[in-house]
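Subject: Handover of a structure

Dear colleague,

Please find the structure below, followed by an account of what was found in it. I would ask you to keep it open while you read.

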Amino acid sequence: VEKVVMIKNDGLYCTYNEQERSIVKWSQVMRVVKHQQAFFIFTGENTYFYLPREAFMSKEDEESFEKKYLPIFIS
């Protein structure tokens with residue numbers, strides 16, 4: 001399944017199979033857990049969006065994402 005995630009000011013825009021779309025709004029995010037290979041973006045007690053680090057085009061993109069969007073969520 002091909003997946004595309006766009007990071008925007010109001011959330012994560014996800015497209016699957018070029019048709020199905022969903023949005024994870026920043027206002028829905030409870031916390032973010034950072035692991036060696038991915039970010040777990042929790043939207044509920046047991047519900048999360050898995051964002052692998054390899055999804056970023058560069059290390060700089062990943063660092064920018066962390067600095068701009070995650071400071072209030074990182075646990």
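A nonpolar core is a set of buried Ala, Val, Leu, Ile, Met, Phe, Trp, Tyr and Cys residues joined through side-chain atoms within 4.5 Å. Buried here means under 20% relative accessible area, exposed means over 50%, and partly exposed lies in between (1.4 Å probe, protein chains only). Please note that this is a predicted model, in which local features need pLDDT of at least 70 and side-chain atom pairs count only at pLDDT 80 or more, while totals for chains, interfaces and linings use all residues. Residues are numbered from 1 along each chain as its sequence is written, and side-chain values use heavy atoms, with hydrogens and water left out.

The core

The largest nonpolar core has 15 residues. Those with the most contacts inside this core are Leu12, Trp26, Phe39, Ile41, Phe65 and Leu70. At least two core residues come from each of strand E2 (11-16), strand E5 (38-42), strand E6 (48-52) and helix H1 (59-69). Helices (H or I, at least four residues) and strands (E, at least two) are DSSP runs, numbered from the N terminus.

Phe65 belongs to helix H1 and is buried, at 3% relative accessible area. Contact means heavy atoms within 4.5 Å. Not counting residues up to four places away in sequence, Phe65 touches Ile7, Leu12, Trp26, Phe39, Ile41, Leu51, Phe56 and Leu70. With neighbours within four places again set aside, the contacts of Ile41 include Leu12, Val29, Phe49, Leu51 and Phe65.

Leu51, in strand E6, is buried at 4% relative accessibility. Beyond four places in sequence, Leu51 touches Ala38, Phe39, Ile41, Phe56 and Phe65. Leu51 and Phe40 are 11 residues apart in sequence, and their C-alpha atoms are 6.4 Å apart in space.

The two sides of the helix

Which residues of H1 are buried? They are Glu62, Phe65 and Tyr69. These residues lie on the same side of H1 because they cover an arc of only 70° around the axis, the arc being that of the directions from the helix axis to the C-beta atoms. Among the elements that cover the buried residues of H1 are E1, E2, E5 and E6. On the other side of H1, Glu60, Lys67 and Lys68 are exposed.

The pocket

A pocket is found on a 1 Å grid over the protein atoms alone, as an open set of points where a 1.4 Å probe fits, with protein on both sides within 12 Å along at least five of seven lines; lining residues have an atom within 4 Å of a point. The largest pocket has a volume of about 340 Å³, a volume being the space filled by probe spheres set on the points. Of its 15 lining residues, Val4, Val5, Leu51, Ala55 and Phe56 are the closest to its centre. Strand E1 (3-8), E2 and E6 each give two or more residues to this lining.

Two further residues

Cys14 lies in strand E2 and is buried, with a relative accessible area of 1%. Leaving aside neighbours within four places, Cys14 is in contact with Val4, Val5, Glu20, Arg21, Ser22 and Phe49.

Lys34, in strand E4 (residues 31-34), is partly exposed at 40% relative accessibility. Outside four places in sequence, Lys34 touches Phe39, Arg53, Glu66 and Ile74.

Yours sincerely
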